Amino acid sequence: MDAVLESLPDVFKAFGYTVLLFLVSGVFSLIGGTILVAMRVGPISVLDKAAATYVTLVRNTPLLAVFFFFSFAAPKIGINFKWVDVHIGTFDFTSFFSTAVVSLTLYTSTFVCEALRSGVNAVPLGQAEAARAIGLPFTGVMSQVVLPQAFRASVPPVASALIALLKNTSVAAVFGVIEATAQMKVMTNNNADERWGIFIAFAIGYVVLVELVSLVAGTFERRWRIA
Amino acid sequence: MRFIRTKAMVAGLGLALSLAACGDAGSDTESVDVEVSEDASFDDGTRMKELADAGTINVGVKYDQPGLGFNETGSDMPTGFDVDIAKILVASLGIDPEDTSKVKYIETISDNREPFLQEGKVDLVLASYSITDERRQVVGQAGPYMVTGQQLLVPEDSDAAGPEDLQGKEVCSVTGSTSLDNAKAEGMKPVGFDTYSQCVDKVLDGTVEAMTTDGTILAGYAAQNEGQLKVVGDPFSEERIGVGYSKDSPEMCQWITDTLEQANEDGKWAEAFEANLGASGVETPDFPEMDACES
């Protein structure tokens with residue numbers, strides 16, 4: 001544990017990157033997942049098929065492979081994020097951070113989409129029909145009637161997808177982002193005699209973060225419970 | 001009819017695969033010739049005696065560092081300076097180091113070198129294993145048999161001549177390695193990948209300014225990508241590369257030290273260095289002073 005205490009600033013900074021990766025890709029995944037689910041349940045067959053294909057393709061690909069694609073294959077065909085160069089405080093957001101965010105977002109949106117779809121399916125068909133009957137267009141039906149109820153019903157599965165995302169950020173460790181897992185590898189390599197303590201310290205860090213996410217999810221679940 | 005056709009296809013496929021296997025001939029490796037010791041004799045009760053009697057040994061080496069420890073896909077005999085030093089040690093036990101049924105060269109990545117030694121999965125580790133006090137708390141380390149320093153690998157057209165030209169710039173190395181810590185201490189921004197070859201890729205496509213690790217490893221990659229990459233700067237760290245062994249058998253230290261000193265005297269050490277690292281333009285250094293073993 002001494003090693004962890006000695007380099008506490010580095011450890012916190014590393015967890016900072018983990019949290020930032022989680023927050024940025026989490027927000028984009030929620031947006032992406034919502035768009036995907038709207039395509040999936042919408043009346044336009046082409047969009048439905050396209051979203052279904054995308055979900056099947058990306059959800060069935062290992063996250064590591066997605067990372068590999070954006071780190072090594074995509075630059076070869078001209079897709080890169082070298083233009084990203086933002087520095088806030090001691091945190092750097094460069095091509096590596098962006099690559100990680102893009103990979104995590106594209107991957108997690110598929111899970112968010114499916115979680116939300118389970119929520120949409122939980123909304124009785126009569127609700128959508130009633131909304132159509134009073135003359136709402138599709139966007140109105142979705143944004144005013146179906147999605148609010150769907151979000152409410154799908155808080156637990158979406159929270160699961162986000163918790164998985166939080167832990168999946170560790171894949172970025174070997175793609176250029178010094179987040180918690182990368183920092184852990186640095187420390188176990190330098191302090192071979194303290195591996196146990198280091199592992200436990202980082203495990204606790206992740207558990208605390210996941211608990212925070214669960215707590216937030218629990219709050220939403222209570223607040224949105226149908227009275 | 002269909003069944004016969006399937007059978008023919010399966011047979012054809014099998015044939016093609018077996019032919020492909022035949023095509024995989026051994027690559028031409030310049031490794032040092034070592035003589036298997038005929039009169040290996042050790043005191044009873046030592047680990048060396050046990051290994052010599054059993055006639056088998058497991059050695060941990062790197063698989064992804066050209067010039068030091070590198071294994072081509074599908075080959076079971078890695079090549080490199082570390083591997084050649086391992087062969088010298090194995091041969092002194094009276095075991096034929098070229099016989100892979102007796103000597104297993106197991107890949108040890110940076111993270112599992114200590115656990116593998118502690119669990120007895122390997123008897124020796126020669127995997128660009130720098131000697132540090134923390135590591136000596138959990139495993140034995142004899143040597144050093146090589147002293148190297150960290151340098152920079154940059155594109156051929158880069159103006160950078162050392163760490164001072166790359167302040168605040170991103171440099172790549174392997175996640176978790178000491179090289180990244182040193183780069184940070186020098187004022188560069190560390191970026192970690194899984195293997196060195198991925199870093200080389202990132203330098204080649206211009207995502208990072210440079211890659212940093214031991215000069216010997218960089219020289220190997222510079223030679224592989226001649227005209228595109230070059231090694232620059234004076235070494236800004238000192239890595240003392242040694243041999244790892246289990247703390248349960250401290251008697252191995254003296255044997256390793258004596259064998260390596262012997263290899264230096266009869267020229268095998270220099271021969272191994274030239275065969276593996278000479279081509280990349282590194283001059284053969286003097287044999288380093290080895291640490292005394294605790295008795």
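The exercises below, each with a worked solution, concern a predicted model with chains A and B.

In this predicted model, local features need pLDDT of at least 70 and side-chain atom pairs count only at pLDDT 80 or more, while totals for chains, interfaces and linings use all residues. Residues are numbered from 1 along each chain as its sequence is written, and chains are lettered from A and ligands numbered from 1 in the order in which they are written.

**Exercise 1. Describe the secondary structure of chain A and the packing of H6(A) with H7(A).**

Step 1. Chain A comes to ten helices and two strands; helices (H or I, at least four residues) and strands (E, at least two) are DSSP runs, numbered from the N terminus. The order of elements from the N terminus is α-α-α-α-β-β-α-α-α-α-α-α.

Step 2. Helix H6 (residues 125–133) and helix H7 (residues 138–153) of chain A pack at about 165 degrees, their axes 10 Å apart. Axes are lines fitted to C-alpha atoms, for helices over the stretch in contact, and angles run from 0 to 180 degrees between N-to-C directions. H6(A) is therefore roughly antiparallel to H7(A); angles under 35 degrees count as roughly parallel, over 145 as roughly antiparallel, 65 to 115 as roughly perpendicular and the rest as oblique.

Step 3. From H6(A), A:Gln127, A:Ala128, A:Ala131 and A:Arg132 meet A:Val141, A:Gln144, A:Val145, A:Val146 and A:Gln149 of H7(A). Residues are in contact if their C-beta atoms, placed from the backbone, lie within 7 Å. This contact divides into five nonpolar, three polar and one charged residue, where Ala, Val, Leu, Ile, Met, Phe, Trp, Tyr, Cys and Pro count as nonpolar, Asp, Glu, Lys and Arg as charged, and the others, Gly among them, as polar.

**Exercise 2. Characterise the side of chain B that touches chain A.**

Step 1. In the contact, 23 residues of chain B face 21 residues of chain A.

Step 2. Helix H5 (133–138), helix H6 (178–185) and E9 of chain B each supply at least two residues of this side. E9(B) gives the largest share, five residues.

Step 3. The classes on this side of chain B are five nonpolar, eight polar and ten charged residues.

Step 4. Helix H9 (residues 180–190) of chain A packs with H6(B) at about 105 degrees, the axes being 9 Å apart. These two helices, H9(A) and H6(B), are therefore roughly perpendicular. Here A:Val186, A:Asn189 and A:Asn190 meet B:Thr178, B:Leu180 and B:Asp181.

**Exercise 3. Relate domain 1 of chain B to domain 2 of chain B.**

Step 1. Domain 1 covers 47–147 + 241–280 and domain 2 covers 150–232; these bounds come from an automatic or database domain assignment.

Step 2. The C-alpha centres of the two domains of chain B lie 26 Å apart. Twelve residues of domain 1 are in contact with 16 residues of domain 2.

Notes: Contact = placed C-beta atoms within 7 Å.
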